[in-house]
Amino acid sequence: MSEIRTTYSGLISTAFGLTRIFAGLFFMIIITRILVAEELGTWALITSLLFYGIILDPIIAYWATRDTARKIDSGKTAILGEGVLSIGGIGIYIIATIIVGPQTNADNTILFFAIILIPVMYLNKVLSSINLGWKPHALSISNFFADVAKIPLVLLLIYYFDMGVTGIIISFFIGWVIYDAILLWYAKEKIKNRIKKEFFQKWLKISWLPLYPRIAPLISRSDVIIFSIIAGSVIGLAYYTAAVVIAGLVGYASTFSLGVYGKLLGEKNKNYLGHNITLQIYFMILLGGLSIIFADFGLFALNPIYKIASLVVIILTVRIFFQTLNNLFIQILTGIEEVDTKKESKFSDYIKSKLFFIPTIQLIQTVLYIGILSFVLIFTNDSSTQIELVIIWSIIALFIEIPLTIVLSILVRKSVNIKIEKTRLLKYFITAIIVFGTMLMIIDEYLQYNEKLIEFLPSVLIFIAISASIYIITTIIIDSKIRNLTFSIINEIKKKKR
């Protein structure tokens with residue numbers, strides 16, 4: 001029986017996740033207001049190159065969650081193994097930087113300095129994986145404190161010492177250290193075991209299996225690099241990065257289902273899945289609505305020069321909505337797979353399993369995405385501005401995501417007996433359209449742009465709070481599930497106070 005309480009973990013994770021929104025936005029406002037577009041684009045390029053650097057982490061981190069959820073004591077061995085893998089990750093990052101760096105207008109010295117992030121990211125991956133199978137809410141809590149710590153750091157390093165992207169890298173490094181320290185504290189009971197070489201032998205023997213799912217994200221993240229090379233500039237990346245900051249709010253809703261994967265690995269009961277899917281979509285609708293109606297004002301708060309990317313925000317919000325839903329479906333499908341629990345499983349058994357089939361579907365989608373994106377960008381580059389290229393990029397990304405959602409939803413319905421509450425979800429969507437549509441007209445009428453951030457930002461936050469409150473209160477009144485969720489939150493708070 002799994003010890004994970006999905007609703008409890010979901011509520012804790014969502015609470016800290018929603019709080020992180022403000023810390024993350026404040027952090028991004030600092031760097032987008034201070035850095036020039038070229039510097040912000042360089043940081044976007046670094047984040048993509050780092051993905052190459054951590055390509056090896058699934059070899060061990062992938063199994064850390066599955067082992068922990070199934071009460072297999074491999075934690076300490078996994079941490080040591082990730083440390084070794086980080087050395088290889090540094091080498092891969094260096095090679096990627098040597099290849100990509102000269103083809104863009106980014107500062108190569110800064111690209112190489114970002115190497116310091118790789119070891120702490122590997123440690124974070126394995127500690128996050130252990131906690132995901134043990135105490136999933138620890139991820140949101142530790143991430144929150146790391147985000148809060150980065151704010152004074154980035155102010156000091158970028159604003160006062162004018163260190164630019166280097167200051168961001170140092171801030172993130174210290175943030176990762178704090179993140180890892182808190183995760184380590186939560187995982188302490190799972191890393192008291194001895195280091196066993198048989199774990200290494202098992203992980204290396206089937207290392208191809210966790211590496212295979214990494215191919216699709218690796219190719220997908222290459223869109224940033226492909227765009228910068230074809231466009232010959234990182235300016236477009238700055239627009240895209242700013243838009244993702246606002247559109248990315250939808251992704252925070254995934255914190256509600258953080259415990260689902262570990263719960264599925266630890267027990268056969270799946271009755272809670274329909275409940276989790278409904279509530280996650282509820283929060284996705286809430287955050288998606290806020291992203292769309294505050295697209296203009298959010299970008300203006302980041303930096304007035306990025307306001308022209310408001311259409312990109314709307315398109316990417318819809319794309320990330322489907323992407324977040326896809327990630328939940330993937331967690332469900334891979335969480336119910338038991339092929340790795342059988343010692344007699346052979347290579348052919350793994351090939352037939354969902355652990356291989358799902359990444360194959362993702363790989364097909366990703367190859368199509370990158371192929372279409374490259375083709376279209378090459379033929380539109382000379383006749384389009386940077387912002388027009390970013391709009392084209394976001395449209396392609398959206399339309400490639402939708403077919404994957406359809407396929408994964410069909411697979412989930414065939415694999416698990418889940419009651420999808422269509423009427424309830426339709427109720428949430430209609431409520432959102434009415435509430436956010438009305439608020440959009442009010443916002444356009446009464447919220448004024450102001451170059452002074454200290455006056456403009458509080459006004460935006462007030463309107464955001466009002467919009468969210470009206471949506472939540474309305475759904476509490478008309479829907480029993482949201483009322484029950486509200487009572488659950490109140491009861492949990494009362495218990496903590498006793």
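Where does Lys71 lie? Lys71 sits in the loop between helix 3 (58–69) and helix 4 (75–100), with helices taken as DSSP runs (H or I, at least four residues) numbered from the N terminus. The model is a predicted one, in which local features need pLDDT of at least 70 and side-chain atom pairs count only at pLDDT 80 or more, while totals for chains, interfaces and linings use all residues. Residues are numbered from 1 along each chain as its sequence is written, and side-chain values rest on heavy atoms, with hydrogens and water left out.

Most residues other than glycine have a negative phi. Lys71 is not a glycine, yet its phi is positive, at about 60 degrees. Its relative accessibility of 45% makes Lys71 partly exposed, a label for values between buried (under 20% relative accessible area) and exposed (over 50%), using a 1.4 Å probe and protein chains only. Asp162 also has a positive phi, near 55 degrees, in a residue other than glycine. This one belongs to the loop between helix 7 (137–160) and helix 8 (164–186), and at 65% relative accessibility Asp162 counts as exposed.

Next, the helix packing. Two packed helices are described by the angle between their axes and the distance between the axes. Here the axes are lines fitted to C-alpha atoms over the stretch in contact, and angles run from 0 to 180 degrees between N-to-C directions. Helix 2 (residues 37–53) packs on helix 10 (residues 208–231) at about 150 degrees, the axes being 9 Å apart. That makes helix 2 roughly antiparallel to helix 10; angles over 145 degrees get that name, those under 35 count as roughly parallel, 65 to 115 as roughly perpendicular, and the rest as oblique. The crossing of helix 2 and helix 10 is left-handed, as the near helix is turned anticlockwise from the far one by less than a right angle (clockwise would be right-handed). On the helix 2 side, the contact (heavy atoms within 4.5 Å) includes Ala44, Leu45, Leu49, Phe51 and Tyr52, and among its partners in helix 10 are Arg214, Pro217, Leu218, Arg221 and Ile225. By class, nine nonpolar, four polar and two charged residues make up this contact, where Ala, Val, Leu, Ile, Met, Phe, Trp, Tyr, Cys and Pro are nonpolar, Asp, Glu, Lys and Arg charged, and the others, Gly among them, polar.

As for helix 2 on its own, 14 of its 17 residues are buried, so helix 2 is largely enclosed by the rest of the structure. Its 17 residues should span 24 Å at 1.5 Å a residue, and the end C-alpha atoms are 25 Å apart, which agrees; the expected span is 1.5 Å times one less than the number of residues.

Helix 11 (residues 235–247) and helix 15 (residues 310–335) pack at about 55 degrees with axes 8 Å apart. That makes helix 11 oblique to helix 15, and the crossing of helix 11 and helix 15 is right-handed. Tyr240, Ala243, Val244, Ile246 and Ala247 of helix 11 meet Val312, Val313, Leu316, Thr317, Arg319 and Ile320 of helix 15. The tally for this contact is nine nonpolar, one polar and one charged residues.

Finally, around helix 17. Ser353 is in the loop between helix 16 (347–352) and helix 17, and is buried, at 4% relative accessible area. Leaving aside residues up to four places away in sequence, Ser353 touches Glu337 and Val339. Gly371, within helix 17 (residues 354–380), is partly exposed at 39% relative accessibility.

Note on methods
Helices (H or I, at least four residues) and strands (E, at least two) are DSSP runs, numbered from the N terminus.
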